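Hello,

Here is the structure I promised to pass on to you. Please open it alongside this email, and my notes on it follow below.

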Amino acid sequence: MSRWLRLTPMVLLALVVAALVWRLAHPEDTHVPSKMIGKNLAEVRAPAALPGRAGVWVGDPVANPRVINFFASWCVPCITEVPLLQRLKQQGVGVDGIAVRDRPADLAAFLRANGDPYRAIGADPQSSVQMDFGSSGVPETYLVDRSGIVRYQHIGPLEPEDVAIIRDKWQALRK
Amino acid sequence: MIAEAGLAALWLAAALSLLQILLSVGHLRAWFDGDRPIRSVAIVQGALTLIAFAMLVLAFARTDLSVALVAANSHSAKPMMYKLAGTWGNHEGSMLLWVTVLALAGAGLAIGSRRLGRATLIAALGAQGALALGFYAFLLLASNPFARLDPAPLEGRGLNPLLQDPGLAFHPPTLYLGYVGLSVAFSLAVGALITGDVDRALGRAMRPWVLGAWILLTLGITAGSYWAYYELGWGGWWFWDPVENASLMPWLAATALLHSVNVLATRGALRAWTMMLGMIAFSMSMVGTFLVRSGILTSVHSFAVDPSRGTFLLALLGLYVGAAFALFALRTGRLKEGAPFELVSRESGLVANNLLLTVILGTVFVGTLYPLFVEALSGDKLSVGPPYFNAVAGPLALILATLIAVGPLLSWRRERRAVLGKLTIPALIAATVLAISLFAAPQIGLLPRLGLTVAAWLAVASWLPLTRRNPLRTPLSTWGMALAHFGVAVSLAGMASDSAFTREKLAAVRPGETLRVGPWLVKLKDLAPAVGPNWTAIEAELRASRGGGVVVLKPQTRYFTDPPTETNEAAIVTTLSGQLYTVVGKPDAEGRWQLRLWWKPFVTLIWLGGVLIALGGVLALVGRAWRTWRKERPSGGGQSWRRKGYA
């Protein structure tokens, strides 16, 4: 057996280990980015989710630019991001919510228990607004510009460091 | 106390594995005689690990929630069987089981293998100790199964409901025994390359380990396939999922090794190649463990995702396999030439078997890792699925199955007789099946049709090695080989029949409505709630008939509470001619329920074939053990029996 043939297994092993090391260093990104980023969703409307509260019209020039947060009372990670949304609100960022597949009574209880960072809350009983945004789950957070174009998507619950990122992007959209 | 005792046993075992390496090195360097102490150390190390594992089982049996692992994976309301099975239904517990099998295999190597050269055995025990030490370090430093929780929670978090199934109680332990049993072949190959004694005695010492591990892997894969078939409710029996591939690859390597080790044991040929296969087989086990435990491949089996553990396991993998391959590169040049053989001979047949199995192994390996290579080099994401695997592995498997019929008929060294004449009857039968399938079922695909044909060919030809000899004087291992090869034909027939003749129906129906699938009429009689120990369910009552009597099926959609999860429990009727497979889904707004029905003719042959293959292995193992025992007895019945010319 020639020397090169004897070394082949080691070469193959090195290649495989290199690929596996690369994968460990770059974990697979399972997020599904929305195809709607850059699209105009001004026509999308969600009726008020609670009596006495406003609904959400994505094209509303007065409310834009703003954060639109998809959440639900049945969603546990959504609880953790309420204080972060409140921090955004305190910094002057407009935050509206879309309650996905929710019931008014459950929703009211959720807001009572965890706090209410939203100006307006739209109802999305059949996930149709979620579909319009190309969102694949809750929670997800979007930035919409003045004309109703989706500019940014955050998948999953917000982390503390995301607050500044979203605020800066929102301020850029305001100019 | 129980957890601490387990942890202490594990630390002691780790220390002993280090001692085992030192004893081995010292003996081989001729510093001292390490022969007796190293055996004792290996045996005590195995016993200590077994104690550690028993302590963890005990903690699960008592639902000791102060142990973090129990709290995270068990629940006091769980039935006892699943409490016990929960021991290995999680990352840490399954790694402890892995290491336990590794240490017990080392102990077994120390107890058995009396006829192997002493230096090779001691080198192999050193290699086994080195393997064990790395995995002890992994457990103790990165995955401690005995870590405590303070304060202890009031209730555990439960076990993934998909895993609450009798299949789970046996599937992982069986696979692990097989996976890790191959470690002995690895260590023996390393030991023999160190001493340079790659000979027939090594082949004979390696053979029972490979055979035993291969039997268990065969059973484990068969059981896993059936588990996925009825528990996932998707109606398929193999999905080419990365984790399934991870279990298939060691099996393919072990199957090749099983055949080449016979050449080494009988003829002393294929030396370097058998050593390579011995290393590859267990390397594939480690690759499989890494893929499953690091969670880097997206799969239904992704239980644990933890990059630091993945790094640790990858380092161990690179270290062990790299060292073994380096040893191979350095030492194979010095191996003696094996016994020569001619082109038409049993050896050539086994080389063909090995080549085909290795190519199939390479195909599966490349297919499993190809998406990773592409993404690393170009950033493109893609997935490799059944169309690739079926198109590439399918024809190769058919060629292999065709050749299985021929190989066992050939003589060792050179074949002078006309062998093809013996195959007339199988060829005629295969031609008949092909003709019937063309006439009766012209619409089926090429691969399933060839599958049916080859299955018929092999089903008959596999028994040919037993003809023209006295069945009582034929060695048990020859019976085993014939049975295992027949099992391949049976399994192949089931696969081909499933893909050629399966009928599927998906519909939304109201209670009282009837569906037709294949020869069956299935009526949705009623729906009712059902309750189990830790779940509630909607249970459909189906009345199925095909002419004669009525069979009642009760598929369920189960809702587990701890943790909240939903599973589909398929209901299956098994008849001689196949299985009716039913799944109930969700209701729609108008009160209709999703029903999914399959009629799968002869699908059960797939697993029956798997069991027959394993049974053939058992016969061979028993036959060989019996012969060895006969030979090793200094005097007695065996000798006179042989003198009369019966053996």
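**What I found**

A:Arg45 counts as partly exposed, because 15 other C-beta atoms lie within 10 Å. Please keep in mind as you read that this is a predicted model.

Once residues up to four places away in sequence are set aside, A:Arg45 touches A:Gly55 and A:Trp57.

**The sheet in chain A**

Chain A has an open sheet of five strands, in the order E5-E4-E3-E6-E7 and with mixed pairing. Its edges are strand E5 (121-124) and strand E7 (150-155), each of which pairs on one side only. From one strand to the next, the twist averages 20°.

Going through part of the sheet strand by strand, E3 (residues 66-71) and E4 (residues 95-100) of chain A pair in the parallel sense over five bridges. Within that pairing, A:Phe71 has A:Ala99 of E4(A) as its bridge partner. E4(A) also pairs with E5(A), in the parallel sense and over four bridges. There A:Ala99 stands opposite A:Ala123 in E5(A).

Which residues of E5(A) point one way, and which the other? A:Ile121 and A:Ala123 point one way, A:Gly122 and A:Asp124 point the other way, and all are buried.

**Backbone geometry to check**

As background, most peptide bonds are trans, and most residues other than glycine have a negative phi.

- The peptide bond from A:Asn64 to A:Pro65 is cis, with omega near -10°. A:Pro65 is found in the loop between strand E2 (56-57) and E3 of chain A.
- Another cis peptide bond runs from A:Val138 to A:Pro139, with omega near -5°. The loop that holds A:Pro139 lies between helix H4 (128-133) and strand E6 (140-144) of chain A.
- A:Ser127 is not a glycine, yet has a positive phi of about 65°. It is placed in the loop between E5 and H4 of chain A. A:Ser127 is partly exposed, because 14 other C-beta atoms are within 10 Å.
- B:Leu270 also has a positive phi, near 55°, in a residue other than glycine. Its place is the loop between helix H9 (242-267) and helix H10 (271-294) of chain B. Is B:Leu270 buried or exposed? With 25 other C-beta atoms within 10 Å, B:Leu270 is buried.

**Helix packing in chain B**

In one pair, helix H2 (residues 35-61) and helix H5 (residues 91-111) of chain B pack at an angle of about 155°, and their axes are 8 Å apart. That angle makes H2(B) roughly antiparallel to H5(B). The crossing of H2(B) past H5(B) is left-handed. Residues that make the contact include B:Ile43, B:Leu50 and B:Phe53 of H2(B), and B:Leu97, B:Val99 and B:Leu104 of H5(B). Sorted by class, this contact of H2(B) with H5(B) has 15 nonpolar, six polar and one charged residues.

In the other pair, the axes of helix H8 (residues 200-231) and helix H17 (residues 605-632) of chain B come within 9 Å and cross at roughly 165°. H8(B) and H17(B) are therefore roughly antiparallel to each other. H8(B) passes H17(B) in a left-handed crossing. Among the contacting residues are B:Trp214, B:Ile215 and B:Tyr226 of H8(B), along with B:Trp607, B:Ile613 and B:Arg624 of H17(B). The contact of H8(B) with H17(B) divides into 14 nonpolar, six polar and two charged residues.

One loop residue of chain B also goes on the list. B:Leu423 is in the loop between helix H13 (386-404) and helix H14 (424-440). It counts as partly exposed, because it has 17 C-beta neighbours inside 10 Å. B:Leu423 and B:Ala461 are 38 residues apart in sequence, but their C-alpha atoms are 6.8 Å apart. Leaving aside neighbours within four places in sequence, B:Leu423 is in contact with B:Ala405 and B:Ala461.

**Where the chains meet**

How many residues of chain A are in contact with chain B? There are 16 of them, in contact with 22 residues of chain B. On the chain A side, these are 13 nonpolar, no polar and three charged residues.

Best wishes

Note on methods. Residues numbered from 1 in each chain as written. Chains lettered and ligands numbered in written order. Predicted model: local features only at pLDDT ≥ 70, side-chain atom pairs only at ≥ 80, totals over all residues. Axes fitted to C-alpha atoms, helices over the stretch in contact; angles between N-to-C directions. Helix = DSSP H or I, 4+ residues; strand = E, 2+ residues; numbered from the N terminus. Parallel < 35°, antiparallel > 145°, perpendicular 65-115°, else oblique. Left-handed = near helix turned anticlockwise from the far one by under 90°. Contact = placed C-beta atoms within 7 Å. Nonpolar A, V, L, I, M, F, W, Y, C, P; charged D, E, K, R; others polar. Buried ≥ 20, exposed ≤ 12 C-beta atoms within 10 Å, placed from the backbone. Pairing = 2+ DSSP bridges.
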